[in-house]
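Please open the model in your viewer and keep the selection tool at hand. The stops below can be followed in order.

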Amino acid sequence: GLMPPLALDPTVAQKVGESTLKTYRKISLEFSKWLLDHTLHPQTPTEWDDLLVEWKHVVAPTKSEFSNALAALEYFFPHLKGQLQWSHQVKSAWDVAHVPQHTIPMLGNVVRLYAVHLSTLGYPALSIGMVLQQGKGLRPSELLGIDSADVALPEENQALGARACVIGLGVKRGTKAKRAQSIVLEEGAFAQLIQCLRVLKAVVGPAGPLFPFTLAQYNRLLKKISKRLGISVNYTPHSLRAGFASEGRILGKSFVELREEGRWVSDSSLRIYVDVVSSASIARSLELQGLKEALSFAASHWALYVSRPWVEKCHGNSSKTGSSGNYTAFG
């Protein structure tokens, strides 16, 4: 008879991105080492199921590590899908009992201050990405996955009958909604943002990542700017999405409206991100720190800072505009 495949089917392998695959490999190595150290060699789905739960009790991994280990097993061994019932029950119970940590919100004026400083450090592309992420409530993975081909500028959308920029999200990998989604930037409200995207897209060319950074690199740059400004708030790449949600509530947007705009899959997910009290407290703290004028200036002039290096580069290398080599100077 036919032998079972000895390697993961290429179609199945394409279901996850490189960063997710790296996470799966890391946690799989940890679980495999524990099995080998205890001379355990599971063969049947029941044995894999029992030992994964035993690993949880003995090693005490975090909730995220256990979830990743479960997902990794079902990814590398597709025939286990739907058969690790005990592990899934443990995960579900853990999800219910777990008290989520609220993400610290990063409001729009703070984002623009960070954008100015990022640009002066030589990262204008990520500067504009931050403004885009906070302005439309993108997940970090959605932002970092945007390709030049995913951005349709207003002049490319004449058929829509409105002046707007449409950006596809999760075109290659999907989003948490398990399908590609999109956001719309109206030309009136997002004129500066659209102009910056226009210049960035011209530099990158018809295809290529607009924001070629990993989540870890993004996080490190945020920490670097915080240290530079003397801000002790622990901002992360998710803080911008939380800032979108919290700022929306401050401006009077309804819960339903925010959930639709930010593409949250459930009410409970959105509630983790909304924190109006912390937003107000942080705003007061930054003002007392002497950053009020800097925040106000950045809110009005951020686009000048992120545009200048692009314009200079385009004028100096007009024959190379759009090449991948030209773009590295912006990333």
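Begin by selecting Phe31, Trp34, Trp48, Trp55 and Phe77, which together form one aromatic cluster. The model is a predicted one, in which local features need pLDDT of at least 70 and side-chain atom pairs count only at pLDDT 80 or more, while totals for chains, interfaces and linings use all residues. Residues are numbered from 1 along each chain as its sequence is written, and side-chain values use heavy atoms, with hydrogens and water left out.

Across the whole structure a search finds 12 aromatic pairs; rings of Phe, Tyr and Trp (its six-membered ring) pair if their centres lie within 6.5 Å, and planes under 30 degrees apart count as stacked, over 60 as edge-to-face and the rest as tilted. Select Tyr75 and Phe76 next, an edge-to-face pair with 5.1 Å centre to centre and 70 degrees between the planes. Tyr75 is buried at a relative accessible area of 7%, whereas Phe76, at 29%, is partly exposed (buried means under 20% relative accessible area, exposed over 50%, partly exposed in between, with a 1.4 Å probe and protein chains only).

Then move to Tyr114 and Tyr235, also an edge-to-face pair, with 5.8 Å centre to centre and 90 degrees between the planes. This pair links distant parts of the chain, 121 residues apart, with Tyr114 in helix H6 (residues 108-120) and Tyr235 in the loop between helix H10 (215-229) and helix H11 (239-250); helices (H or I, at least four residues) and strands (E, at least two) are DSSP runs, numbered from the N terminus. Tyr114 counts as buried at 0% relative accessibility, and Tyr235 counts as buried at 1%.

Which ring lies under the charged end of Arg241, 3.8 Å from its centre? Select Trp264 to see that ring, and then Tyr273, where Arg241 lies over the face at 5.5 Å from the ring centre. A charge sits over a ring if NZ of Lys or CZ of Arg is within 6 Å of the ring centre and within 35 degrees of the ring normal.

For the last stop, display the open sheet of three strands, whose order is E1-E2-E3 with antiparallel pairing. Its edge strands, each pairing on one side only, are strand E1 (151-152) and strand E3 (181-186). E1 and strand E2 (residues 164-169) pair in the antiparallel sense over two bridges, where two strands pair if DSSP finds at least two bridges between them. Finish by selecting Val151 together with Ile167, its bridge partner in E2.
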